[in-house]
Amino acid sequence: MDIKFTSKLKKPTDIFNLYEQLGWNRFLKLEMEKLVFAMEKSFYVLYAYKANKLLGTGRVISDGLTNAYLCGLGVLPDYRNRGIGKELCKNLVEYCKNQNLHVQFFCEENLVPYYEKLGFEVFSVGMRPK
C-alpha cells in the first residue's frame, strides 16, 4: 500500500470527513473551521494519505519544553490492521523524543493492549469532568 505520511493537510474537508467517519465529531461537535484551527494550533500533526484520501491522523499537544500529549490518533476502519496507526504513533513519539519532550498518551481502556504492543505502558489514571 502506497501511504504517504505528511504534516500537511491537503484539504480542510479531509480532516472533517475523517473525524465524522471515526465518529469523533459526535462527541466534539466541531465545525470544520474549528477542527482545522485545532489541527493548525497543535504542536505537531501527522496525516496518512493514500493518493488524495486521508486514512488517518494523529497530533501532539505540547508546551514545547517538557510535556507532549498524543491525541486524535485514528485510522479509518477499513484501513486498520495495516500498520498505519503504528507508523503514525511511532513517528509522533520519535518527533517528541527528538525535541526532548516527555510523551504521554491517554486512550480508552479497550485500546490499552494495542498501545502496549507499540511500547506504551499504563502509568496513571485519566480523569475528565462528568
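**Entry 1: a tyrosine and its ring partner**

I looked up tyrosine 19 and found it buried, at 2% relative accessible area. My scale: buried is under 20%, exposed is over 50%, and partly exposed is in between, with a 1.4 Å probe and protein chains only.

I noted the ground rules next. The model is predicted, so local features need pLDDT of at least 70 and side-chain atom pairs need 80 or more, while totals for chains, interfaces and linings use all residues. Residues are numbered from 1 along each chain as its sequence is written, and side-chain values use heavy atoms, without hydrogens and water.

Then I searched for aromatic pairs and got eight. Rings of Phe, Tyr and Trp (its six-membered ring) pair if their centres lie within 6.5 Å; planes under 30 degrees apart are stacked, over 60 edge-to-face, and the rest tilted. Tyrosine 19 and tryptophan 24 have ring centres 4.8 Å apart and planes at 90°, so I wrote them down as edge-to-face. Tryptophan 24 is partly exposed, at 24%.

A second pair is tyrosine 115 with phenylalanine 120: the centres are 6.1 Å apart and the planes at 90°, so this one is edge-to-face too. Tyrosine 115 is buried, at 7%. I also recorded one aromatic cluster, formed by Phe105, Tyr114, Tyr115 and Phe120.

**Entry 2: asparagine 25**

Is asparagine 25 buried or exposed? It is buried, at 8% relative accessible area. I placed asparagine 25 in helix 2, residues 24-28. Helices (H or I, at least four residues) and strands (E, at least two) are DSSP runs, numbered from the N terminus. Leaving out residues up to four places away in sequence, asparagine 25 touches Phe16, Tyr19, Glu20 and Leu30. Contact here means heavy atoms within 4.5 Å.

I traced an open sheet of five strands, in the order 1-2-3-4-5, with mixed pairing. Two strands pair if DSSP finds at least two bridges between them. Strand 1 (4-6) and strand 5 (102-105) are at the edges; each has a single partner strand, so one side of each lacks a neighbour in the sheet. On average, neighbouring strands are turned by 20° against each other, direction ignored. Axes are lines fitted to C-alpha atoms, for helices over the stretch in contact, and angles run from 0 to 180 degrees between N-to-C directions.

I followed one pairing. Strand 2 (residues 44-50) and strand 3 (residues 53-62) run antiparallel, joined by seven bridges. Alanine 48 has glycine 56 in strand 3 as its bridge partner.

Which strands does helix 1 (residues 12-22) touch? Helix 1 packs on the sheet against strand 2, strand 3 and strand 4 (67-75), and makes about 95° with the direction of strand 3. Helix 4 (residues 84-98) also packs there, touching strands 1, 2, 3, 4 and 5, at about 165° to strand 4.

**Entry 3: charges**

How many salt bridges does the whole structure hold? I found two. A salt bridge puts a side-chain nitrogen of Lys or Arg within 4 Å of a carboxyl oxygen of Asp or Glu.

Lysine 11 meets aspartate 14 at 3.6 Å, N to O. Lysine 11 is partly exposed, at 41%, whereas aspartate 14 is buried, at 8%.

Glutamate 87 bridges to lysine 90, with the closest N and O atoms 3.4 Å apart. Both lie in helix 4, three residues apart, about one turn of the helix. Glutamate 87 is partly exposed, at 27%, and lysine 90 is partly exposed, at 45%.
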